[in-house]
Each structure stands twice: as structure tokens, then as C-alpha cells.
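Please consult the sequence and the model as you read.

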Amino acid sequence: MTELSPSSNSIQLWLSTVDQLTKTIEQATYKLLSVSEKDRFQSTHNQHKKREFIMGRALIRHALSQIFCMPETYWDFVEKSQAAPIVTNLPANCYFSLSHSHGFIVFAIASSPIGIDIENSDKQRDFHALADIFMNDEEISAWVENRWSADIFYRIWCAKEAYYKALPLQQQVTKSLNKIAISELIKNSDSWQLLEYRVESFVLAIVLKAKPEQVHYQSFPRVDYNAFFCKPIDTPILYL
């Protein structure tokens with residue numbers, strides 16, 4: 001099996017959308033689901049969530065098989081509640097993260113701990129109530145100074161979620177989002193790297209343990225990556 005080289009430290013970023021889920025992909029993927037995956041699928045009653053689940057599992061299996069030159073039947077999945085699945089036979093020095101939002105699905109894999117999050121920045125929420133829950137005082141002040149920008153709100157949200165996902169499970173249980181300081185995350189760039197992108201109306205954040213030498217973009221099932229053009233966000237989250 002091909003292995004991710006720890007020295008290369010590149011990211012494989014895969015993108016897909018639920019509206020590309022065909023009956024063929026749905027049926028083929030369902031046959032590959034493990035017992036725990038089928039249990040989770042069958043316990044999901046929302047039809048959009050069911051389609052999102054199947055497309056996400058199809059994307060992960062396809063990406064892993066492309067990267068490691070193994071058949072899609074090879075991978076052994078174990079479901080986790082409210083989290084990405086565990087792939088028990090993943091090669092050593094291999095980490096991945098999954099996120100989805102309003103029909104968009106992203107999957108990232110690297111040779112160091114990695115987390116990814118995507119959110120639709122056009123979605124209206126009770127921003128003030130949510131900010132009180134997941135932002136610290138410094139972040140709320142910066143957000144207010146920027147006139148309660150929805151864009152900054154989602155950039156902070158995605159960065160925190162991505163960082164949380166990159167942490168080991170034993171650290172996640174002791175962390176809450178308002179205890180994660182974006183300023184410290186970015187200032188401590190020797191330990192963690194934050195990459196931000198725009199994909200159509202979505203904000204995408206990737207946090208990983210080491211600075212990547214390269215990001216490889218892929219799409220599924222379409223092979224035309226330009227259909228999901230990722231534009232890097234070069235401006236800092238204002239106050240940093």
C-alpha cells in the first residue's frame with residue numbers, strides 16, 4: 001500500500017456536493033457500508049441528511065482508494081456519534097477530517113493532525129446568541145468593531161471548529177470553543193497552521209499541525225476541480 005510521506009507534508013483536499021449523488025453511487029456505497037454505518041444511516045430520518053451521509057462516505061472511500069491504491073472494499077469504517085468515522089485500517093502517519101454544510105462536503109487528509117470545517121456564510125443565524133457561546137471576549141470585541149460582520153463570524157467559527165477537530169480525542173473532551181483563542185492559534189504558527197478559503201458562498205478553514213508544502217485539490221465524482229474553485233483568504237481575521 002502507498003503511504004503518505006511524513007516528510008512531504010502535503011494536504012489532499014477533496015470536495016463534493018450532495019446534488020451529484022446518483023442512484024448508482026448511492027447503491028454502490030450502501031453495499032460498502034459497515035454495520036455501524038448502516039445503523040447510523042437507518043437511524044437518520046431526514047432525507048437530505050441521509051443523502052449527505054451516503055455522499056460523504058462515498059467521497060472518503062473514493063479519496064482513500066485513489067491516494068493509497070486500494071479497492072474501496074478494503075476500508076474498515078467504525079461510526080462515531082456526531083463525528084467523522086474511524087477508519088481502523090488507515091496507514092500509519094495518516095490523519096483526516098470531514099465537514100459538510102448545506103449540500104457541500106469537504107474531506108482533507110494529511111500526514112499530521114488536521115481538522116477542517118466549512119460553513120455557508122450566507123446563512124442567517126442568531127449571530128449574537130451564538131457569539132456569546134463560542135467566542136471569547138477578545139473575539140467578540142473584534143467582531144463588534146467590524147460591525148458584526150457575518151463573514152468574520154463564520155471565519156472565527158470555522159477556524160475554531162477546524163482546530164477542535166485536529167486535537168486528539170482526549171483533548172477534545174476538555175475543550176470548549178470559547179476556550180479556543182484564535183489569536184493564540186495564529187500567533188503560535190510554529191505548532192499550528194490555519195489555512196482559509198472561499199468556495200462559492202462558503203468559508204472553509206483547515207488547521208493542521210505542520211505547515212503544508214502543497215495543497216492538492218480534487219473533486220468527486222466530477223474530476224473538474226475548477227467546478228469548486230477554492231480561493232485562498234489572504235487577509236488575516238482582522239485583529240491578528
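The questions below concern a strand, a pocket, a helix and some backbone features.

This is a predicted model, in which local features need pLDDT of at least 70, side-chain atom pairs count only at pLDDT 80 or more, and totals for chains, interfaces and linings use all residues. Residues are numbered from 1 along each chain as its sequence is written, and side-chain values use heavy atoms, with hydrogens and water left out.

Q: Is strand β6 largely enclosed or largely open?
A: Strands (E, at least two residues) and helices (H or I, at least four) are DSSP runs, numbered from the N terminus. Buried means under 20% relative accessible area, exposed over 50%, and partly exposed in between, with a 1.4 Å probe and protein chains only. I114, I116, I118 and N120 point one way from β6, while G115, D117 and E119 point the other way, and all are buried. Seven of the seven residues of β6 (residues 114-120) are buried, so the strand is largely enclosed.

Q: Which element gives the largest share of the lining of the largest pocket?
A: The elements that give two or more residues to this lining are α3 (47-68), β3 (86-87), β4 (95-101), β6, α6 (150-166) and α7 (169-172). The largest share, six residues, comes from β4.

Q: Which face of helix α5 carries the exposed residues D137 and E145?
A: The buried residues of α5 (residues 137-145) are E139, A142 and W143. Seen down the helix axis, these buried residues fall within an arc of 100 degrees (taken from the directions from the axis to the C-beta atoms), so they line one face. D137 and E145 are carried by the face turned away from the buried side.

Q: What is the relative accessibility of C69?
A: C69 is found in the loop between α3 and β2 (77-78). Its phi is near 55 degrees, a positive value in a residue other than glycine. C69 counts as exposed because its relative accessibility is 58%.

Q: Which residue does a cis peptide bond join to F220?
A: Most peptide bonds are trans. Here omega is about 0 degrees.
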